[in-house]
Each structure stands twice: as C-alpha cells, then as structure tokens.
Amino acid sequence: MIIRPAQPEDVTAVTQIDHACFRDGWSADYYRDEIANPIARLIVTEEYGEVSGFLLFWCLPPQADILRMAVPMERRNEGIGVQLVENMLKTAQSEGTREVFLEVRRSNEVARRLYRKAGFVQTGIRSDYYRNPQEDAVCMVWRQRR
C-alpha cells in the first residue's frame, strides 16, 4: 500500500468513497479546491493503482484539524485507517504541529477506538453538531509528547 498526497485525478475516487461512507457526501469541486488549498493536506492510500481510502486535514502549525477520513466498507479492518492516521500525524509533526483536533459522531465507536489507539483523547461534546441524522460530536485531541 502506498500513502501519498492526492492528485487532481484522484478526486473522482475520493468523492465516490466519500459518498459511499457519508450521507452528506462532499462534492468533487470541494475536494479539488482542497487539493489547491495551501493549508489542506489530502492524502490517499493506493493499491494496485486504485484509491482505497483518504484523509483530509488542515495544517496550521502548531495545530492541525482532521476534516474527513473514509475507507470503503468492504476495505475496513485492513489497517487502512490506522495507516492514514499514522501518516497524517507524522506529516503534521514534520510541519511543526503539536496538536491535532477532530470531531467524530458519538455513535461511531469504530472511529473513536481507532483515534484512541493513535493517542487521541476526548475533550468534550458538541451537542447536535451533525445533521442527517442529527447527532452529537465527540471532540478529541492528540498532543505531541514532550
């Protein structure tokens, strides 16, 4: 598996994965804009020439924010998400980041477990943060150890 920065030609695959994983799928134009955004980092996993997952984060050292991560249902439990998060943390740290923030649906225990294993801790709850369906967000942070 290769983890690399997304290219414009990856937008279709990223958008397809996004729409398969989320009810509120983001548009191809949004991902194209993020590839061009100087603070955004869109990374993808690639196997046999096909995108198998992605993670989008904004890096504004000394902090970063994970905006979106997705792995197709049929590819879950293969370690793709773990590798994306590990790569993101290494990239962010190399750019001077000491903290990474995210929100995740309260019901998404699989993602919350993945983030906890990577060293994220819960910092709070944002009531009714998500729509479609309406749900609270669990706020989490990873901090670089000194």
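Student: Which residues have the most contacts inside the largest nonpolar core?
Tutor: This is a predicted model, in which local features need pLDDT of at least 70, side-chain atom pairs count only at pLDDT 80 or more, and totals for chains, interfaces and linings use all residues. Residues are numbered from 1 along each chain as its sequence is written, and side-chain values use heavy atoms, without hydrogens and water. A nonpolar core is a set of buried Ala, Val, Leu, Ile, Met, Phe, Trp, Tyr and Cys residues joined through side-chain atoms within 4.5 Å. The largest one holds 24 residues, and those with the most contacts inside it are L55, I66, V85, M88, Y115 and F120.

Student: Which element gives the most to this core?
Tutor: Elements are DSSP runs numbered from the N terminus: helices (H or I, at least four residues) and strands (E, at least two). Those giving two or more residues to this core are β3 (50-60), β4 (63-70), α3 (80-94), β5 (99-105), α4 (109-117) and β7 (135-143). With six residues, the top contributor is α3.

Student: What does L55 touch?
Tutor: Contact means heavy atoms within 4.5 Å. Residues up to four places away in sequence are not counted. The partners of L55 are R41, L42, I43, I66, R68, M69, L84, V85 and M88.

Student: Is R112 buried or exposed?
Tutor: R112 sits in helix α4. Buried means under 20% relative accessible area, exposed over 50%, and partly exposed in between (1.4 Å probe, protein chains only). R112 has 13% relative accessibility, so it counts as buried.

Student: How far apart in space are R75 and G53, C-alpha to C-alpha?
Tutor: R75 lies in the loop between β4 and α3. At 23% relative accessibility, R75 counts as partly exposed. R75 and G53 are 22 residues apart in sequence, and their C-alpha to C-alpha distance is 8.5 Å.

Student: At what angle do α1 and α2 pack?
Tutor: Axes are lines fitted to C-alpha atoms, for helices over the stretch in contact, and angles run from 0 to 180 degrees between N-to-C directions. The axes of α1 (residues 11-21) and α2 (residues 28-36) are 9 Å apart. The packing angle is about 125 degrees.

Student: Which residues of α2 meet α1?
Tutor: On the α1 side, the contact uses V11, V14, T15 and D18. From α2 come A28, Y31, R32 and I35.
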